[in-house]
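Hi,

Here is the structure I promised to pass on.

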Amino acid sequence: MKTGILFMLFLFLSQWAGAQDSTKITYTQEIDTLQKQRFIDRYENVFMTKVPTRHMFKIGLSQYYQALPVPLMVDKLTNSTSLQLGYEIKFLPSFSLALSGHFPYLKSEQPLRSILSYTILDAQLRWFFDMRRRVKAGKAASNFSGNYVALYYNMPGTLNNSPNIGFKLGFQRRFLNAGYMDFAVALQQETPWFHYGILSNWSISSQASFGFAFGDWKKTSTGPLCDVLLCDEHLRSQWKVRLPEVTIGTYLYRVRMGVAYEQKIKTSPFSVNFELTVGLNKGWDYQNQIHYIDGYGNYPFRLMRSRELFPTLSVQPRYYLLHKKQRLNGKGGHGFSGIYTGLNSDYTYYLGHHSFSNFPEMPALDLKKHVIKAGPMFGFQQRLFRHGFLDVNTSVNYQYQGIMSNKHINFKTSIGLGLAW
(Lines give C-alpha, C1' and ligand atoms only; values in the text may rest on other atoms or scores of the structure.)
Protein backbone atom coordinates (compact mmCIF):
# COMPACT_ATOMS: atom_id res chain seq x y z
CA MET A 1 0.00 0.00 0.00
CA LYS A 2 2.74 2.39 0.97
CA THR A 3 4.55 1.51 -2.23
CA GLY A 4 1.50 2.39 -4.35
CA ILE A 5 1.04 5.69 -2.59
CA LEU A 6 4.68 6.61 -3.11
CA PHE A 7 4.46 5.62 -6.78
CA MET A 8 1.38 7.82 -7.32
CA LEU A 9 3.09 10.77 -5.58
CA PHE A 10 6.23 10.36 -7.69
CA LEU A 11 4.12 10.25 -10.87
CA PHE A 12 2.29 13.45 -9.88
CA LEU A 13 5.51 15.31 -9.15
CA SER A 14 7.02 14.14 -12.43
CA GLN A 15 4.06 15.48 -14.43
CA TRP A 16 4.21 18.81 -12.55
CA ALA A 17 7.94 19.16 -13.27
CA GLY A 18 7.36 18.33 -16.92
CA ALA A 19 4.64 20.91 -17.12
CA GLN A 20 7.10 23.52 -15.79
CA ASP A 21 9.65 22.66 -18.48
CA SER A 22 7.06 22.96 -21.23
CA THR A 23 6.08 26.56 -20.32
CA LYS A 24 6.56 28.94 -23.32
CA ILE A 25 7.94 32.45 -22.84
CA THR A 26 6.96 34.96 -25.55
CA TYR A 27 8.20 38.54 -26.17
CA THR A 28 6.02 41.32 -27.61
CA GLN A 29 6.79 44.94 -28.61
CA GLU A 30 4.18 47.68 -28.38
CA ILE A 31 4.24 50.72 -30.63
CA ASP A 32 4.95 53.97 -28.76
CA THR A 33 1.89 56.20 -29.05
CA LEU A 34 3.76 59.37 -27.96
CA GLN A 35 4.57 61.73 -30.81
CA LYS A 36 8.03 63.19 -31.06
CA GLN A 37 8.25 66.49 -29.22
CA ARG A 38 10.41 69.50 -30.12
CA PHE A 39 11.37 71.91 -27.40
CA ILE A 40 10.62 75.56 -28.16
CA ASP A 41 13.65 77.39 -29.50
CA ARG A 42 12.73 80.77 -28.04
CA TYR A 43 15.37 82.70 -29.94
CA GLU A 44 14.35 81.15 -33.26
CA ASN A 45 10.62 81.66 -32.67
CA VAL A 46 10.85 85.26 -31.56
CA PHE A 47 13.43 86.59 -34.01
CA MET A 48 12.55 84.36 -37.00
CA THR A 49 16.18 83.44 -37.62
CA LYS A 50 15.28 80.45 -39.82
CA VAL A 51 12.65 82.17 -41.96
CA PRO A 52 14.12 83.17 -45.37
CA THR A 53 13.50 86.82 -46.23
CA ARG A 54 14.61 88.94 -49.17
CA HIS A 55 12.35 92.01 -49.04
CA MET A 56 11.22 93.96 -45.97
CA PHE A 57 9.15 97.15 -45.64
CA LYS A 58 9.34 99.02 -42.33
CA ILE A 59 6.98 101.44 -40.60
CA GLY A 60 8.01 102.51 -37.12
CA LEU A 61 9.71 104.96 -34.81
CA SER A 62 13.39 105.85 -34.89
CA GLN A 63 15.65 107.67 -32.47
CA TYR A 64 17.82 109.08 -35.17
CA TYR A 65 20.11 111.84 -36.37
CA GLN A 66 18.28 114.94 -37.67
CA ALA A 67 19.51 117.61 -40.02
CA LEU A 68 18.67 120.32 -37.49
CA PRO A 69 19.12 119.53 -33.77
CA VAL A 70 15.85 119.88 -31.84
CA PRO A 71 16.24 121.73 -28.51
CA LEU A 72 14.85 120.00 -25.45
CA MET A 73 12.41 122.83 -24.73
CA VAL A 74 10.34 121.99 -27.84
CA ASP A 75 10.62 118.21 -27.63
CA LYS A 76 7.33 116.40 -28.14
CA LEU A 77 8.50 112.80 -28.28
CA THR A 78 11.48 111.05 -26.80
CA ASN A 79 14.47 113.10 -27.89
CA SER A 80 15.05 113.03 -31.68
CA THR A 81 12.28 110.51 -32.29
CA SER A 82 10.96 110.36 -35.85
CA LEU A 83 8.51 108.40 -37.95
CA GLN A 84 10.47 105.92 -40.10
CA LEU A 85 9.41 104.57 -43.50
CA GLY A 86 11.90 102.14 -44.99
CA TYR A 87 12.64 99.31 -47.40
CA GLU A 88 15.48 96.76 -47.27
CA ILE A 89 16.47 94.21 -49.92
CA LYS A 90 18.95 91.32 -49.74
CA PHE A 91 20.98 91.05 -52.96
CA LEU A 92 23.50 88.54 -51.52
CA PRO A 93 23.19 86.22 -48.49
CA SER A 94 25.39 88.55 -46.42
CA PHE A 95 24.66 91.96 -48.03
CA SER A 96 21.61 94.21 -48.18
CA LEU A 97 20.66 97.72 -49.26
CA ALA A 98 18.50 99.64 -46.76
CA LEU A 99 16.67 102.85 -47.74
CA SER A 100 14.61 104.91 -45.30
CA GLY A 101 13.12 108.30 -44.58
CA HIS A 102 12.87 109.82 -41.10
CA PHE A 103 10.20 112.44 -40.41
CA PRO A 104 10.29 114.17 -37.01
CA TYR A 105 7.22 115.22 -35.07
CA LEU A 106 7.10 119.00 -34.85
CA LYS A 107 4.65 121.73 -33.91
CA SER A 108 1.66 121.97 -36.22
CA GLU A 109 2.10 125.72 -36.67
CA GLN A 110 5.54 125.32 -38.22
CA PRO A 111 5.52 125.82 -42.01
CA LEU A 112 6.01 122.83 -44.31
CA ARG A 113 9.35 124.27 -45.47
CA SER A 114 10.63 124.18 -41.88
CA ILE A 115 9.41 120.62 -41.32
CA LEU A 116 11.13 119.37 -44.47
CA SER A 117 14.43 120.83 -43.26
CA TYR A 118 14.35 118.37 -40.35
CA THR A 119 13.77 115.21 -42.40
CA ILE A 120 16.50 112.76 -43.34
CA LEU A 121 16.78 110.40 -46.31
CA ASP A 122 19.12 107.56 -45.45
CA ALA A 123 20.88 104.92 -47.59
CA GLN A 124 22.91 102.07 -46.09
CA LEU A 125 25.00 99.26 -47.54
CA ARG A 126 24.93 96.54 -44.88
CA TRP A 127 27.22 93.55 -44.44
CA PHE A 128 25.80 90.88 -42.11
CA PHE A 129 29.25 89.58 -41.25
CA ASP A 130 28.20 86.38 -39.45
CA MET A 131 25.26 85.43 -41.69
CA ARG A 132 27.07 83.08 -44.09
CA ARG A 133 28.62 81.13 -41.21
CA ARG A 134 25.27 80.77 -39.44
CA VAL A 135 23.51 79.66 -42.65
CA LYS A 136 26.15 76.98 -43.29
CA ALA A 137 25.83 75.76 -39.69
CA GLY A 138 22.04 75.51 -40.04
CA LYS A 139 21.44 78.13 -37.38
CA ALA A 140 19.82 80.72 -39.65
CA ALA A 141 18.40 81.40 -43.10
CA SER A 142 19.28 84.30 -45.38
CA ASN A 143 17.22 87.10 -43.86
CA PHE A 144 17.52 90.37 -41.91
CA SER A 145 18.03 89.01 -38.38
CA GLY A 146 21.73 89.41 -37.73
CA ASN A 147 24.65 91.60 -36.73
CA TYR A 148 25.94 94.04 -39.34
CA VAL A 149 28.46 96.68 -40.32
CA ALA A 150 27.13 99.44 -42.58
CA LEU A 151 28.40 102.27 -44.75
CA TYR A 152 25.71 104.97 -44.89
CA TYR A 153 24.88 108.35 -46.39
CA ASN A 154 22.35 110.79 -44.90
CA MET A 155 20.79 113.47 -47.08
CA PRO A 156 18.71 116.26 -45.48
CA GLY A 157 15.28 117.10 -46.84
CA THR A 158 16.50 120.49 -48.11
CA LEU A 159 19.71 121.65 -49.75
CA ASN A 160 20.30 124.21 -46.97
CA ASN A 161 21.83 121.56 -44.72
CA SER A 162 24.87 119.37 -45.15
CA PRO A 163 24.73 115.62 -45.81
CA ASN A 164 26.50 113.17 -43.52
CA ILE A 165 28.47 110.01 -44.22
CA GLY A 166 29.62 107.40 -41.75
CA PHE A 167 29.79 103.84 -40.47
CA LYS A 168 27.55 101.77 -38.23
CA LEU A 169 27.95 98.71 -36.07
CA GLY A 170 24.59 97.27 -35.11
CA PHE A 171 22.18 94.39 -34.88
CA GLN A 172 18.76 93.99 -36.47
CA ARG A 173 16.13 91.40 -35.58
CA ARG A 174 12.83 90.41 -37.06
CA PHE A 175 10.29 90.23 -34.25
CA LEU A 176 7.55 87.61 -34.58
CA ASN A 177 5.57 87.76 -37.84
CA ALA A 178 5.09 91.52 -38.16
CA GLY A 179 7.80 93.38 -36.30
CA TYR A 180 11.44 94.47 -36.37
CA MET A 181 13.98 96.13 -34.09
CA ASP A 182 17.31 97.73 -34.96
CA PHE A 183 19.99 99.14 -32.67
CA ALA A 184 23.32 100.59 -33.79
CA VAL A 185 26.23 102.80 -32.78
CA ALA A 186 27.08 105.23 -35.57
CA LEU A 187 30.31 107.09 -36.32
CA GLN A 188 29.57 109.94 -38.70
CA GLN A 189 31.35 112.81 -40.42
CA GLU A 190 29.40 116.02 -39.80
CA THR A 191 30.70 117.97 -42.78
CA PRO A 192 30.24 116.91 -46.41
CA TRP A 193 33.06 114.89 -47.95
CA PHE A 194 35.65 115.73 -45.27
CA HIS A 195 35.58 119.47 -46.04
CA TYR A 196 37.65 120.25 -42.93
CA GLY A 197 39.85 117.15 -43.16
CA ILE A 198 39.41 113.44 -42.71
CA LEU A 199 40.04 113.62 -38.94
CA SER A 200 37.76 116.58 -38.17
CA ASN A 201 34.10 116.92 -37.16
CA TRP A 202 33.28 113.32 -36.30
CA SER A 203 30.49 112.36 -33.92
CA ILE A 204 29.29 109.12 -32.36
CA SER A 205 25.68 108.36 -31.49
CA SER A 206 23.31 105.57 -30.52
CA GLN A 207 20.49 104.93 -32.99
CA ALA A 208 17.46 102.73 -32.36
CA SER A 209 14.34 101.97 -34.38
CA PHE A 210 11.51 99.48 -34.15
CA GLY A 211 8.00 98.98 -35.48
CA PHE A 212 6.01 96.94 -37.98
CA ALA A 213 7.55 94.97 -40.83
CA PHE A 214 5.99 93.50 -43.99
CA GLY A 215 7.70 91.33 -46.56
CA ASP A 216 7.91 88.09 -48.54
CA TRP A 217 8.13 85.65 -45.61
CA LYS A 218 5.63 82.97 -44.72
CA LYS A 219 3.86 83.44 -41.44
CA THR A 220 4.85 80.90 -38.80
CA SER A 221 3.12 79.73 -35.66
CA THR A 222 4.82 81.02 -32.53
CA GLY A 223 2.40 79.75 -29.89
CA PRO A 224 1.30 81.91 -26.94
CA LEU A 225 3.51 84.97 -26.85
CA CYS A 226 4.37 84.77 -23.18
CA ASP A 227 5.34 81.08 -23.49
CA VAL A 228 8.10 82.29 -25.78
CA LEU A 229 9.06 85.58 -24.14
CA LEU A 230 8.76 84.39 -20.52
CA CYS A 231 6.81 87.56 -19.77
CA ASP A 232 3.94 86.31 -17.61
CA GLU A 233 5.60 85.60 -14.31
CA HIS A 234 3.70 86.41 -11.13
CA LEU A 235 5.05 89.94 -10.58
CA ARG A 236 3.91 92.47 -8.01
CA SER A 237 6.47 95.16 -8.87
CA GLN A 238 9.30 95.90 -11.29
CA TRP A 239 12.22 98.30 -11.78
CA LYS A 240 12.98 99.53 -15.32
CA VAL A 241 16.10 101.23 -16.67
CA ARG A 242 16.02 102.67 -20.17
CA LEU A 243 18.82 102.27 -22.63
CA PRO A 244 20.31 105.78 -22.81
CA GLU A 245 20.14 107.85 -25.97
CA VAL A 246 23.59 109.34 -26.55
CA THR A 247 25.18 111.69 -29.10
CA ILE A 248 28.78 112.88 -28.71
CA GLY A 249 30.21 115.13 -31.40
CA THR A 250 31.87 118.38 -32.36
CA TYR A 251 28.67 120.44 -32.39
CA LEU A 252 26.38 118.54 -30.06
CA TYR A 253 26.50 116.52 -26.85
CA ARG A 254 23.20 114.90 -25.98
CA VAL A 255 22.18 112.35 -23.35
CA ARG A 256 18.76 111.12 -22.29
CA MET A 257 18.24 108.42 -19.69
CA GLY A 258 15.51 107.25 -17.35
CA VAL A 259 14.57 104.91 -14.52
CA ALA A 260 11.07 103.75 -13.50
CA TYR A 261 9.33 101.72 -10.81
CA GLU A 262 5.94 100.08 -11.30
CA GLN A 263 3.83 98.66 -8.47
CA LYS A 264 0.65 96.59 -8.73
CA ILE A 265 -2.32 97.36 -6.50
CA LYS A 266 -2.78 94.00 -4.76
CA THR A 267 -3.59 91.37 -7.43
CA SER A 268 -5.78 93.63 -9.58
CA PRO A 269 -5.07 94.78 -13.18
CA PHE A 270 -4.27 98.23 -11.74
CA SER A 271 -0.74 99.53 -11.24
CA VAL A 272 1.08 102.83 -10.67
CA ASN A 273 4.19 103.65 -12.70
CA PHE A 274 6.70 106.21 -11.38
CA GLU A 275 9.38 107.41 -13.79
CA LEU A 276 12.24 109.90 -13.69
CA THR A 277 13.89 110.93 -16.96
CA VAL A 278 16.75 113.39 -17.40
CA GLY A 279 17.81 115.07 -20.65
CA LEU A 280 21.06 116.98 -21.18
CA ASN A 281 22.08 119.06 -24.21
CA LYS A 282 25.25 121.01 -24.92
CA GLY A 283 26.05 122.39 -28.34
CA TRP A 284 24.37 124.09 -31.28
CA ASP A 285 20.64 123.92 -31.88
CA TYR A 286 17.88 125.93 -33.51
CA GLN A 287 15.62 127.76 -31.09
CA ASN A 288 12.12 128.67 -32.19
CA GLN A 289 12.36 132.05 -30.46
CA ILE A 290 11.64 135.50 -31.89
CA HIS A 291 14.02 138.29 -30.79
CA TYR A 292 14.27 141.88 -31.98
CA ILE A 293 17.76 142.93 -33.05
CA ASP A 294 18.54 146.58 -33.92
CA GLY A 295 19.06 146.97 -37.62
CA TYR A 296 17.68 143.51 -38.38
CA GLY A 297 14.18 143.49 -36.94
CA ASN A 298 12.62 140.26 -35.70
CA TYR A 299 15.01 137.34 -35.88
CA PRO A 300 13.11 134.01 -35.44
CA PHE A 301 14.36 130.43 -35.36
CA ARG A 302 18.05 131.18 -35.03
CA LEU A 303 21.08 128.99 -34.48
CA MET A 304 22.16 129.28 -30.87
CA ARG A 305 24.76 127.72 -28.61
CA SER A 306 22.87 126.08 -25.78
CA ARG A 307 23.20 124.27 -22.49
CA GLU A 308 20.02 122.56 -21.32
CA LEU A 309 18.88 120.42 -18.39
CA PHE A 310 15.47 118.78 -18.49
CA PRO A 311 14.45 116.47 -15.57
CA THR A 312 10.89 115.11 -15.69
CA LEU A 313 9.01 113.18 -13.00
CA SER A 314 5.97 111.20 -14.21
CA VAL A 315 3.23 109.41 -12.26
CA GLN A 316 0.95 107.13 -14.28
CA PRO A 317 -1.94 105.11 -12.82
CA ARG A 318 -2.48 102.24 -15.29
CA TYR A 319 -5.18 99.65 -15.99
CA TYR A 320 -4.21 96.57 -18.05
CA LEU A 321 -7.26 95.96 -20.23
CA LEU A 322 -7.04 92.20 -20.89
CA HIS A 323 -5.57 90.88 -17.65
CA LYS A 324 -8.88 89.94 -16.02
CA LYS A 325 -10.05 88.09 -19.14
CA GLN A 326 -6.71 86.27 -19.46
CA ARG A 327 -6.91 85.09 -15.86
CA LEU A 328 -10.47 83.79 -16.28
CA ASN A 329 -9.34 81.82 -19.34
CA GLY A 330 -6.25 80.50 -17.57
CA LYS A 331 -3.91 82.26 -20.01
CA GLY A 332 -1.90 84.38 -17.62
CA GLY A 333 -2.40 88.04 -16.91
CA HIS A 334 -0.15 88.03 -13.86
CA GLY A 335 2.64 90.32 -15.08
CA PHE A 336 3.14 93.75 -16.62
CA SER A 337 2.68 92.82 -20.29
CA GLY A 338 -0.24 93.98 -22.42
CA ILE A 339 -2.36 96.90 -23.56
CA TYR A 340 -3.15 99.47 -20.91
CA THR A 341 -4.94 102.76 -20.43
CA GLY A 342 -4.66 105.31 -17.66
CA LEU A 343 -3.70 108.85 -16.75
CA ASN A 344 -0.41 110.57 -17.50
CA SER A 345 0.78 113.32 -15.19
CA ASP A 346 4.26 114.80 -15.14
CA TYR A 347 6.24 117.74 -13.89
CA THR A 348 9.22 119.14 -15.78
CA TYR A 349 11.79 121.66 -14.64
CA TYR A 350 13.62 123.18 -17.61
CA LEU A 351 16.90 125.11 -17.34
CA GLY A 352 18.42 126.58 -20.49
CA HIS A 353 21.26 128.97 -21.30
CA HIS A 354 21.31 130.14 -24.94
CA SER A 355 23.69 132.56 -26.67
CA PHE A 356 23.51 133.92 -30.21
CA SER A 357 26.11 132.50 -32.56
CA ASN A 358 25.92 135.27 -35.15
CA PHE A 359 25.58 138.14 -32.68
CA PRO A 360 28.06 137.66 -29.82
CA GLU A 361 27.29 141.17 -28.56
CA MET A 362 23.72 140.13 -27.77
CA PRO A 363 23.05 139.10 -24.16
CA ALA A 364 22.51 135.41 -23.51
CA LEU A 365 19.01 134.05 -23.09
CA ASP A 366 18.41 132.22 -19.79
CA LEU A 367 15.19 130.27 -19.50
CA LYS A 368 13.61 128.60 -16.48
CA LYS A 369 10.31 126.82 -16.93
CA HIS A 370 8.01 124.77 -14.74
CA VAL A 371 5.79 122.63 -16.94
CA ILE A 372 2.89 120.51 -15.66
CA LYS A 373 1.03 118.08 -17.93
CA ALA A 374 -1.93 115.80 -17.30
CA GLY A 375 -4.26 113.82 -19.54
CA PRO A 376 -5.60 110.42 -20.64
CA MET A 377 -3.09 107.85 -21.84
CA PHE A 378 -3.08 104.68 -23.96
CA GLY A 379 -0.09 102.35 -24.26
CA PHE A 380 1.48 98.94 -24.61
CA GLN A 381 4.14 97.27 -22.47
CA GLN A 382 5.91 93.94 -23.07
CA ARG A 383 8.37 92.10 -20.86
CA LEU A 384 11.11 90.42 -22.92
CA PHE A 385 12.94 87.30 -21.70
CA ARG A 386 12.49 88.11 -17.99
CA HIS A 387 14.97 91.01 -17.88
CA GLY A 388 14.00 93.21 -20.83
CA PHE A 389 11.05 95.50 -21.53
CA LEU A 390 9.44 97.67 -24.19
CA ASP A 391 7.02 100.39 -23.08
CA VAL A 392 5.31 102.79 -25.52
CA ASN A 393 2.47 105.16 -24.68
CA THR A 394 0.75 108.25 -26.07
CA SER A 395 -1.18 110.81 -24.05
CA VAL A 396 -3.27 113.91 -24.77
CA ASN A 397 -2.27 116.45 -22.14
CA TYR A 398 -3.51 119.72 -20.78
CA GLN A 399 -0.26 121.64 -20.30
CA TYR A 400 0.36 124.50 -17.89
CA GLN A 401 3.61 126.45 -18.17
CA GLY A 402 3.82 128.46 -14.97
CA ILE A 403 6.34 131.18 -15.75
CA MET A 404 4.84 132.16 -19.10
CA SER A 405 1.19 131.56 -18.09
CA ASN A 406 0.90 129.43 -21.19
CA LYS A 407 -1.92 126.86 -21.25
CA HIS A 408 -2.66 124.54 -24.14
CA ILE A 409 -3.33 120.93 -25.12
CA ASN A 410 -0.65 118.77 -26.75
CA PHE A 411 0.35 115.19 -27.48
CA LYS A 412 3.18 113.35 -25.78
CA THR A 413 4.62 109.98 -26.75
CA SER A 414 7.07 108.12 -24.53
CA ILE A 415 9.24 105.23 -25.75
CA GLY A 416 11.12 103.04 -23.29
CA LEU A 417 13.37 100.11 -24.17
CA GLY A 418 15.79 98.61 -21.69
CA LEU A 419 16.31 96.28 -18.71
CA ALA A 420 13.79 95.27 -16.06
CA TRP A 421 13.85 93.16 -12.91
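Leaving out residues up to four places away in sequence, Q238 touches A260, Y261, E262, F336, Q381, R383, A420 and W421, where a contact means heavy atoms within 4.5 Å. Before you dig in: this is a predicted model, in which local features need pLDDT of at least 70 and side-chain atom pairs count only at pLDDT 80 or more, while totals for chains, interfaces and linings use all residues. Residues are numbered from 1 along each chain as its sequence is written, and side-chain values use heavy atoms, with hydrogens and water left out.

Back to Q238. This residue sits in strand 9 (residues 237-242); strands (E, at least two residues) and helices (H or I, at least four) are DSSP runs numbered from the N terminus. Q238 has a relative accessible area of 1%, so it counts as buried (under 20%; exposed is over 50%, partly exposed in between, with a 1.4 Å probe and protein chains only). Its side chain makes a polar contact with the side chain of R383, at 2.8 Å. By polar contact I mean a pair of N or O atoms within 3.5 Å; within protein, one must be able to donate a hydrogen and the other to accept it, and residues adjacent in sequence count only if both atoms are side-chain atoms. E262 is 24 residues away from Q238 along the chain, yet their C-alpha atoms are separated by 5.4 Å.

Next, the nonpolar cores (sets of buried Ala, Val, Leu, Ile, Met, Phe, Trp, Tyr and Cys residues joined through side-chain atoms within 4.5 Å). The largest has 12 residues, including M48, F128, Y148 and W217. Strand 5 (146-156) and strand 7 (179-189) each supply at least two residues of this core. Apart from it lies another core, of six residues, among them M73, F310, L365 and L367. As for F128, the residues it touches include F144, Y148 and Q172.

What about the protein as a whole? It has six helices and 17 strands, and 44% of its 421 residues count as buried. Among contacts with a separation of 6 or more, 65% are between residues 24 or more positions apart. The accessible surface comes to about 23700 Å², with 66% of it belonging to carbon and sulfur atoms; areas come from the Shrake-Rupley method with a 1.4 Å probe, and for residues only the protein chains shown count as cover.

Cheers
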